[in-house]
Amino acid sequence: MDLVEQVKHVMPAGLAGTVSRTVGMTIAADGFPAPVGSIARIDRETGGPLEAEVIGFRDRSTLLYAFSDLAGIRHGNRVRLQRTSRWLRVGEPLLGRVIDAHGNAIDGRAQPSLSDRTAFHRQAPHPCTRPRIDTPLSTGIRAIDGLMTCGRGQRVGIFAGSGVGKSVALGMMARYTDADVIVIALIGERGREVNEFIERDLGPAGRKKSVVVVATSNEPALVRIHAASTATAIAEYFRDRGKNVLLLVDSLTRFALAQREIGLAAGEPPTTRGYPPSVFALLPKLVERAGRTPEGSITAFYTVLVEGDDPNEPVADAVRGLLDGHIWLSRKLAAKNHYPAVDVLESLSRLMPEVTDDAHRRAAATLRELMAAHRDHEDLISIGAYRKGANPAVDLAVEMQTEINAILRQQVEDRSGYSQARDILVQFHQTAAQKLSPSSGAAPGGPAPQRAKGNRS
Ligand SMILES: Nc1ncnc2c1ncn2[C@@H]1O[C@H](COP(=O)(O)OP(=O)(O)O)[C@@H](O)[C@H]1O
Ligand SMILES: [Mg+2]
């Protein structure tokens with residue numbers, strides 16, 4: 001950012017007020033007309049000054065949300081304006097590092113020396129300047145690359161309950177993707193889970209070209225929100241330098257929950273099943289920042305927690321409308337030790353037709369048809385009541401179960417890529433065609449449009 005830009009953001013120096021009230025993490029300051037989004041410092045008797053962000057005003061006081069706990073704050077403490085907008089220090093040395101929501105190293109090594117600055121809250125690129133998404137990105141997970149292929153610059157939701165393999169899947173993506181840089185935001189997890197992810201799922205191989213941004217569940221809501229912005233800003237920085245970036249945000253639900261805390265603290269009404277409107281205003285703002293620009297791309301995967309299998313949970317519902325695809329991880333599959341637990345028939349990449357060739361699409365459609373046929377007769381098949389010959393598609397699906405599972409299941413150590421996944425699928429299609437009509441060699445299924453079953457699209 002140049003000097004002129006920076007000067008525009010300078011506020012009259014010396015703006016100061018006093019603390020009049022606190023509720024939870026919210027502080028009301030009198031005589032302090034600072035704008036929403038600006039950062040203030042509050043002097044206190046014990047400990048250093050406390051940083052807080054202006055989140056609104058009510059009556060004659062300005063409301064601030066603290067970045068850390070309020071111990072030591074008392075009535076009458078001085079509140080001083082520090083700055084009206086935030087920047088973030090960025091640069092190549094971030095690769096391989098673990099940082100907090102404000103860019104400080106938390107991996108026990110020295111603070112990286114960063115020469116560049118970027119705006120913390122950036123506007124999404126203008127829709128007209130966004131090139132079409134036309135190249136597939138290898139996620140390294142065969143089921144995704146083969147059956148819900150994602151393009152460079154696409155935004156996808158991973159919908160799952162807890163313990164069905166999100167972290168393991170994200171770790172595999174980070175290790176096996178062909179993206180140049182990976183930025184991972186871990187929002188609202190417990191400290192132990194963060195360690196486990198970095199040590200076990202990411203490992204040294206995944207860390208090398210990754211930047212991990214962490215805000216654990218015990219950090220204030222605003223800090224958890226900042227972690228998502230920081231990760232996105234770092235991804236933008238690398239995209240501006242021509243890189244293809246993979247952004248993994250785990251989880252978007254906890255980001256929404258954090259904004260819910262802020263909204264309620266600022267006095268918003270909880271209009272949608274306990275969520276204030278600002279949550280649904282903030283989600284598209286964040287998600288729209290990913291995507292492709294003439295310089296590079298940010299392909300983003302956002303995890304969404306769906307507990308109790310309620311697909312109409314308001315956050316899941318809102319997110320589905322914002323993204324260009326969704327991947328469901330199924331507890332039923334995980335329970336059968338079928339990993340990654342991708343529920344193919346419930347998952348869909350809206351951009352798959354744009355980034356794949358005919359042969360691949362036909363093969364994917366065939367595999368989906370066979371899976372659907374199998375699922376529709378699953379009850380009969382499992383009790384042995386299905387009679388061979390009743391339905392050719394079901395016969396073939398039963399016969400090829402082993403082949404289908406060999407494609408969909410993948411060991412954690414099993415590296416995969418887009419072209420590999422495509423070739424395996426096309427090979428599968430040829431085998432299926434031969435089995436169905438050995439004489440003609442005609443492929444089952446036509447170039448059927450790729451559509452997920454159910455009402456979750
Ligand atoms: N691809 C996989 N292969 C084998 N086991 C897996 C796989 N993915 C997940 N698991 C098992 O499921 C457990 C929970 O996975 P995890 O990714 O931590 O879940 P989540 O992040 O969704 O809570 C893991 O500890 C592991 O035992
Ligand atoms: Mg996890």
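I started with D423, which comes out partly exposed because 15 other C-beta atoms lie within 10 Å. My cut-offs: buried means 20 or more other C-beta atoms within 10 Å of the residue's own, exposed means 12 or fewer, partly exposed is in between, and C-beta atoms are placed from the backbone.

Housekeeping: this is a predicted model, where local features need pLDDT of at least 70 and side-chain atom pairs count only at pLDDT 80 or more, while totals for chains, interfaces and linings use all residues. Residues are numbered from 1 along each chain as its sequence is written, with chains lettered from A and ligands numbered from 1 in the order in which they are written.

Back to D423: I found it in helix α15, residues 418-436. Helices here are DSSP runs of H or I with at least four residues, strands are E runs of at least two, and both are numbered from the N terminus. I also checked D423 against G146: they sit 277 residues apart along the chain, yet their C-alpha atoms are separated by 8.8 Å.

Next, the whole protein. I get 15 helices and 19 strands. Buried residues are 46% of the 457. The C-alpha trace spans about 85 × 40 × 40 Å along its principal axes.
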